[in-house]
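Dear colleague,

Please find below the sequence and structure that I am handing over to you. My findings follow directly after them.

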2 protein chains.
Amino acid sequence: MLKEKEKYVVVVGATGAVGNEMITTLEERDFPVKSLRLFASERSEGKILKFRNRDIPVETLQENSFEGIDIALFSAGADRSKIWAPVAVRSGCVVIDNSSQWRMDPGVPLVVPEVNPNDLEWHKGIIANPNCSTIQMVVVLKPIHDVAKIKRVVVTTFQSVSGTGQKAMDELLQQTKDLLNFREVTCNVYPYQIAFNVLPHIDKFLENDYTKEEMKMVNETRKILGDDSIRITATTVRVPVFKGHSESVNIETEKKLTANEVRAILSNAPGIVVFDAPHKNIYPLPINVAGKDETYVGRIREDESIEKGINLWIVADNLRKGAALNAVQIAEKLIEKV
Amino acid sequence: MLKEKEKYVVVVGATGAVGNEMITTLEERDFPVKSLRLFASERSEGKILKFRNRDIPVETLQENSFEGIDIALFSAGADRSKIWAPVAVRSGCVVIDNSSQWRMDPGVPLVVPEVNPNDLEWHKGIIANPNCSTIQMVVVLKPIHDVAKIKRVVVTTFQSVSGTGQKAMDELLQQTKDLLNFREVTCNVYPYQIAFNVLPHIDKFLENDYTKEEMKMVNETRKILGDDSIRITATTVRVPVFKGHSESVNIETEKKLTANEVRAILSNAPGIVVFDAPHKNIYPLPINVAGKDETYVGRIREDESIEKGINLWIVADNLRKGAALNAVQIAEKLIEKV
């Protein structure tokens with residue numbers, strides 16, 4: 001007999017780095033899946049992926065693909081979301097979309113379950129999953145904001161290549177091999193060599209000379225925290241790391257907090273591991289958080305350059321909490337609410 | 001006939017990464033060397049290094065090693081500087097020291113020739129070369145400070161392994177090879193794997209949970225700019241890059257400056273290349289500045305989170321402008337003044 005809570009689920013963009021991680025996450029968290037169908041572009045048609053030890057063929061989307069589906073996890077880029085998410089919604093399916101397409105749409109909630117679960121209540125079929133670099137930051141900002149009101153954030157990121165996708169991971173690997181063998185490197189994914197280099201350039205440049213990635217951190221953070229008064233400036237940088245984004249975050253609060261108070265606040269907050277004993281060389285590292293669900297925070301220090309400031313070092317697995325896990329957690333919250 | 005301006009020069013710590021670069025820099029800049037002697041620890045005794053196509057044996061220091069020497073370039077660590085710099089001074093030699101030993105000594109000038117050349121006038125035999133991450137930042141801060149008075153700096157660094165020395169470059173290379181060959185990595189220089197990782201830990205941790213490197217950026221910057229009112233907070237991070245330090249710098253000024261005004265100010269300042277056309281993918285990269293003398297700055301943007309703020313991305317060769325070149329430039333200024 002079919003348990004009522006079991007859902008018909010699809011993943012759109014199933015063959016990408018995040019899509020793959022979505023399938024793994026559904027399985028690992030034992031999400032009540034009645035049936036899983038997988039979609040991707042024509043290039044991937046006929047591929048077979050595994051879910052709960054069963055083979056699932058990858059299909060291409062059709063107008064009727066969403067009929068009878070409860071939940072669609074999208075990670076197929078903004079252009080495909082723009083076309084297909086409304087199709088899915090018309091079929092009565094709830095879309096959790098990992099692209100930037102709907103994030104700043106005032107009619108679409110932008111949700112991190114630990115931060116603003118109540119925004120799920122007003123969704124009209126589409127729920128947006130925030131950008132990876134934003135998610136791990138707001139998970140940490142939220143409990144501090146609740147206690148001390150954050151006035152300003154200055155953030156610099158160290159983002160891994162998996163945020164760009166599987167091709168970028170391949171490119172980092174290939175360039176590294178080429179350099180070790182004294183061969184010339186070729187650049188297809190990034191404009192310049194990423195191996196043994198850092199690139200202060202993620203996503204397109206905008207009119208104001210910030211990148212889209214940088215402005216996502218500004219605008220999405222305000223929307224998720226529901227507070228447009230928070231002032232944010234960001235510099236986002238790609239580093240030759242395969243998985244895990246790191247962030248150097250400087251915050252100014254209205255109420256003074258000591259470093260110990262911040263440690264206590266974050267230790268009691270959901271989804272966070274305080275990993276902060278610098279004198280024992282304990283601080284978060286991207287190689288250690290790969291595969292982890294929590295957001296790790298360390299290097300918690302009072303900023304002596306202002307009266308009420310804190311420095312933080314925040315690291316999370318960008319494919320998990322930064323993308324697939326957050327999307328599945330949204331789905332879990334939706335089911336709870338039903 | 002001997003030109004009067006030709007000097008008797010020694011390099012102490014000649015076999016290290018910076019020492020080597022000092023020898024190269026003396027040669028490349030055609031520094032008026034009458035005679036060059038090279039010193040290092042006992043381990044390196046008998047090694048032969050090249051200067052102007054001649055073989056020079058590496059010697060160990062003796063009490064009388066500095067007799068008749070005009071200029072000693074030291075890059076042998078704080079402990080050796082503490083012992084040997086006073087010995088050199090007693091012999092009438094001027095010491096330009098790259099270690100942290102004398103930098104914050106009120107009796108020792110801390111000099112970046114483009115920034116505070118006049119501090120050379122009050123030296124008593126020892127002149128300190130600032131820390132690499134500080135030098136490239138103050139070269140850029142100074143012309144802005146002169147025009148608009150800098151109130152606060154929030155800096156996050158991306159520092160290459162050559163800042164630690166040749167052994168760290170070897171370790172990054174070896175770890176990378178090991179990982180590509182599915183072998184376990186070993187960590188001798190850093191507490192954790194640096195290949196495909198980032199470490200928010202440079203130099204020792206202090207009582208306030210900042211690292212020594214972070215506090216160097218705070219204290220040395222104030223001393224060089226001669227302004228203790230500038231408030232600075234730093235997060236310093238090691239990245240898997242061989243050469244070239246990058247810095248994400250956020251500044252708040254007393255007088256409002258537009259991004260274009262900052263570009264104009266920096267374009268006319270000594271030792272700086274403004275490399276900033278983001279829409280053409282023009283921004284400084286560590287792989288491009290390796291071997292360059294200038295400090296490169298790009299990603300110049302107005303910070304909309306405060307009324308009078310600017311974001312900058314500053315990159316320089318940490319072994320050259322960050323160490324050897326700055327030391328030789330100090331020596332050049334000294335000669336000019338004679």
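This is a predicted model: local features need pLDDT of at least 70, side-chain atom pairs count only at pLDDT 80 or more; totals for chains, interfaces and linings use all residues.

Overall form of chain A. The chain contains 8 helices and 13 strands. Its radius of gyration is 20 Å, which agrees with the value near 20 Å that a compact globule of 338 residues would have. Along the principal axes, the C-alpha atoms occupy a box of roughly 60 × 55 × 40 Å. Of the 338 residues, 60% are buried. If one takes the contacts between residues at least 6 apart in sequence, 66% of them join residues at least 24 apart.

Surface and charge of chain A. The accessible surface amounts to about 13,300 Å², and carbon and sulfur atoms account for 47% of it. There are 43 positive and 46 negative side chains, with the centres of the two sets 1 Å apart.

The loop residue A:Ala14. This residue is found in the loop that runs between β1 (7-12) and α1 (17-28) of chain A. Is A:Ala14 buried or exposed? A:Ala14 has a relative accessible area of 0%, and since buried means under 20%, this residue counts as buried. Beyond its neighbours within four places in sequence, A:Ala14 is in contact with A:Gly19, A:Asn20, A:Ile23, A:Leu38, A:Phe39, A:Ala40 and A:Leu49. A:Ser44, 30 residues away in sequence, lies 9.2 Å from A:Ala14, C-alpha to C-alpha.

The helix α1(A). This helix has 12 residues and spans 16 Å from its first C-alpha to its last, close to the 16 Å expected at 1.5 Å a residue. Its buried residues are A:Ala17, A:Val18, A:Gly19, A:Glu21, A:Met22, A:Ile23, A:Thr25 and A:Leu26. In an α-helix there are 3.6 residues a turn, so residues three or four places apart point the same way. Which elements cover the buried residues of α1(A)? The cover includes β1, β2 (33-39), β3 (48-51), β5 (71-74), α4 (166-180) and α8 (320-337) of chain A. After α1(A) comes A:Asp30, which has a positive phi, near 55°.

A residue of chain B. B:Glu21 belongs to helix α1 (residues 17-28) of chain B. With a relative accessible area of 12%, B:Glu21 is buried. Apart from neighbours within four places in sequence, B:Glu21 has contacts with B:Leu319, B:Arg320 and B:Ala324.

Yours sincerely

Conventions. Residues are numbered from 1 along each chain as its sequence is written. Chains are lettered from A and ligands numbered from 1 in the order in which they are written. Side-chain values use heavy atoms; hydrogens and water are left out. Helices (H or I, at least four residues) and strands (E, at least two) are DSSP runs, numbered from the N terminus. The radius of gyration is taken over C-alpha atoms; the globule rule is 2.2 Å times the number of residues to the power 0.38. Buried means under 20% relative accessible area, exposed over 50%, partly exposed in between (1.4 Å probe, protein chains only). Contact means heavy atoms within 4.5 Å. Accessible areas come from the Shrake-Rupley method with a 1.4 Å probe; for residues, only the protein chains shown count as cover. Lys and Arg count as positive and Asp and Glu as negative; His and the chain ends are not counted. The place of a charge is taken as NZ of Lys, CZ of Arg, CG of Asp or CD of Glu. The expected span of a helix is 1.5 Å times one less than its number of residues.
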